Structures are given as C-alpha cells and as structure tokens.
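User: I would like a close look at a single part of this model, followed by whatever side-chain contacts can be described around it and elsewhere. Please keep it plain.

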Amino acid sequence: MPEGPSVKRFQLLTAPFVGQVVAKVGGSSRQRNLKDLKAMKLQDSQASGKNLFLAFGAVLEAWTVSGSPAPAIRGKADSGACSLTLAQEGQEADVSRLSPKEHGVQRKQETELSVPDASHAAGDTWKWLRFHFGLFGSIRANEFSRANKANKRGDWKDPVPRLVLHFDSDSFLVFYNCRIHWCTSPAVEPASDILSPEFHRGQALAALRQPTPICYTLLDQRYFSGLGNIIKNEILYLARIHPLSQGSLLALSDLESLLDHAVQFSTDWLHKKLAGKGLHYQIYLKEKCPLGHEVMQETFGPQDGFKRLSWWCPQCQPRVPPEGNDPKSLKH
C-alpha cells in the first residue's frame, strides 16, 4: 500500500483543487451519500501518515448588515472526531506477499461513520472524507489510469476508479483502490508523522527503546505514522540493524541513527516522487546487498498481529542479542 511519501504526494496533487465546486460525482464506490458532494466546494486537503482527508462545504455566502460578504467560517481540523487508531501498519497487510491464510486474517471490517446531518451544512460544518489506499492505490488529476499490461484473463481493461470528482472548472480528480469513509474532522497527529516538521523524536526514541523486536516498533503507526514496509527494510539496512534486534538492547547511538535514516529516507523519497524519479532499493526485494552478501527473507510480526516480510543481510545486520540467546522474546 502507499506509504507516507506517496500519500503526501496525493495531498499535494489535490491541493490546487481546493476552492473549486464539485459539478459531478462518479466512480464505483458504494459509500453512502457520495452523490451529496455535488455542488459542494472542496474546502481543505490534509495528509496524516497513510491517510488523506478532504473537506467539503456548502457553497453559501453569508452577508453582513452592511451588505458585504461575511468572513467564511472554517471547520476545526484537529478536533479528532475521525479516529485513526490503526495501532500498527501491519493491519493493512501487503496482500501481494501474504499467504492465503494471512490474507484472510488481514481482511477486517471497518465501521463506517455516519454522514454529518445535512442541517449542519450551512457553512459552519465541513464534511470530511478519509481515504485509505490499498495496494496500487493512487490519485490522478485530469487523467484516467490506463492498462499497461493484460490482466490474468488476458484482457486489457483499464482500472476502474473508486471515485471521480468533476469540478466546475472542467478539471477532475480520480481515486483508485481506496477505502472511503465519512468523518466529522481528521485526527491529525503531527508528533508521530515522520514527514511532519512537528515529528517528536523523543517520543519516537522512547518507543524504539522498548524490549520489542525493532521491526515491530517501526510499523507501529502510533509512533511512526506513514512508515511502511519499504521504509522499514531500507532504514534497518542503512542503520545496520537486524529486524529482530530488541530495541532495549541496542545502543542509543544506533537508535538515533535509525531515526535519522527514517526521517531522511522518507523525505528523500517524497522529493523523488515530486520530481518524477524512481526509488533505488538497497535491500528491499533484493537477493544480494550492495556489498554482495546473500540477503535473507522471512515474515515477522507479533503473535497477535499481522506479519510482514523482512529482507536483511546477516553479515551487515547482526542480530542483538545473537539468535538463540533469548528465543522467547524474539519469537515470531
């Protein structure tokens, strides 16, 4: 699924449409009342971790006694009425790399929030949509995605958009492979967002120092919102840390280095995306590391959580403690 840098790019793609009025709504989504977006104005666009939020408001003008337009009343973006309690990134497993059993486990139902009552849509309350993207999820502006290869049936069928928003300026946004839910406002936690200027290093370091395999903690969205499996594997290699090393046994300097790599790698990846450049992996999906060593691959995750594939080099990333010294705490 798209990680933080991709979702931030989606947000920047939607930002120029803020202020435009929806003229028509299309797409395959069966989400309730999406048609109500017609004639509403896109008021705001925000990204938080792996979630995109769009706010819509009624096109109404309030007038003062003097006859001049009154200032617009903005909705609160930080009231937290739309919960983002995705405790771990593993809750949205990479279905392309899970066994059928794991794939079945990762499928869960998510309670849909009711659409705010229409009586509140007179300019004092915005309606927010939360977008959570699946594998190959994306957004396109003023163009539709086209098939670049045949599907399993041999057909060249273009991807079906989940939602299409046509605006009165003859421009449009197209959303693919995403779940859409109504909420009253987004719960944005910049302290845990690895791409936010307000990312809290102290909070992140405290989380990394827990007596838990480091690869579990990195995917915990409470502390590393937007950090996904690609970023996890790459920064562990760059910091020369084994995915199953216990955070409480690692030197503080190693954890600080890992944190530096997390922020820098995510920022660099975003810049590459904005420049239209691809990402060169060091360890992810590789058979050998850059130094020519054989790369190991295995699925790790908490016993009561979802498992994700890890790639690591045993020579470049020694395990702490060494394998066999504490099998109970490192069981996977």
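Analyst: Gly4 lies in helix α1. The model is predicted, and every value below is computed from it.

Gly4 has a relative accessibility of 4% and therefore counts as buried, the cut-off being under 20%. Setting aside neighbours within four places in sequence, the residues in contact with Gly4 are Gly49, Leu195 and Gly226.

Helix α1 covers residues 4–14, and its buried residues are Gly4, Pro5, Ser6, Val7, Phe10, Gln11 and Thr14. These buried residues pack against strands β2 (40–48), β3 (51–58), β4 (127–141) and β6, and against helices α5 and α6 (252–274). Phe10, one of the buried residues of α1, also belongs to an aromatic cluster with Phe131, Phe133 and Phe175.

A pair of aromatic rings is described by the distance of the centres and the angle of the planes. For Phe199 and Phe224 the centres are 6.3 Å apart and the planes stand at 45°, so this pair is tilted. Phe199 is in the loop between β6 (172–183) and α3 (201–208), and Phe224 is in the loop between α4 (214–218) and α5 (229–238), so the pair ties together parts 25 residues apart in sequence. Both Phe199 and Phe224 are buried. Tyr281 and Tyr284 form an edge-to-face pair, with 5.0 Å between centres and 85° between planes. Tyr281 is partly exposed because its relative accessibility is 23%, whereas Tyr284, at 6%, counts as buried. An aromatic ring is also involved where Arg240 lies over the face of Tyr237, at 4.3 Å from the ring centre.

The loop between β6 and α3 also holds Ser196. Ser196 has a relative accessible area of 16% and is buried. Its side chain has two polar contacts to describe. The side chain of Ser196 reaches the backbone oxygen of Pro190 at 3.5 Å, and a polar atom of the Ser196 side chain lies 3.0 Å from the backbone nitrogen of Glu198.

Turning to charged pairs, the structure holds four salt bridges. One of them joins Glu143 and Arg140, with the closest N and O atoms 3.1 Å apart. Glu143 is partly exposed at 40% relative accessibility, and Arg140 is partly exposed with a relative accessible area of 28%. Asp158 forms a salt bridge with Arg146, where the closest N and O atoms are 3.0 Å apart. Asp158 and Arg146 each lie in the loop between β4 and β5 (163–167), so the pair ties together parts twelve residues apart in sequence. Asp158 counts as partly exposed at 37%, while Arg146 is exposed, with a relative accessible area of 54%. Arg222 forms a salt bridge with Asp220, and here the closest N and O atoms are 2.6 Å apart. Asp220 is buried, its relative accessible area being 4%.

How values were computed
Residues are numbered from 1 along each chain as its sequence is written. This is a predicted model: local features need pLDDT of at least 70, side-chain atom pairs count only at pLDDT 80 or more; totals for chains, interfaces and linings use all residues. Side-chain values use heavy atoms; hydrogens and water are left out. Rings of Phe, Tyr and Trp (its six-membered ring) pair if their centres lie within 6.5 Å; planes under 30 degrees apart count as stacked, over 60 as edge-to-face and the rest as tilted. Helices (H or I, at least four residues) and strands (E, at least two) are DSSP runs, numbered from the N terminus. Buried means under 20% relative accessible area, exposed over 50%, partly exposed in between (1.4 Å probe, protein chains only). A charge sits over a ring if NZ of Lys or CZ of Arg is within 6 Å of the ring centre and within 35 degrees of the ring normal. A polar contact is a pair of N or O atoms within 3.5 Å; within protein, one must be able to donate a hydrogen and the other to accept it, and residues adjacent in sequence count only if both atoms are side-chain atoms. Contact means heavy atoms within 4.5 Å.
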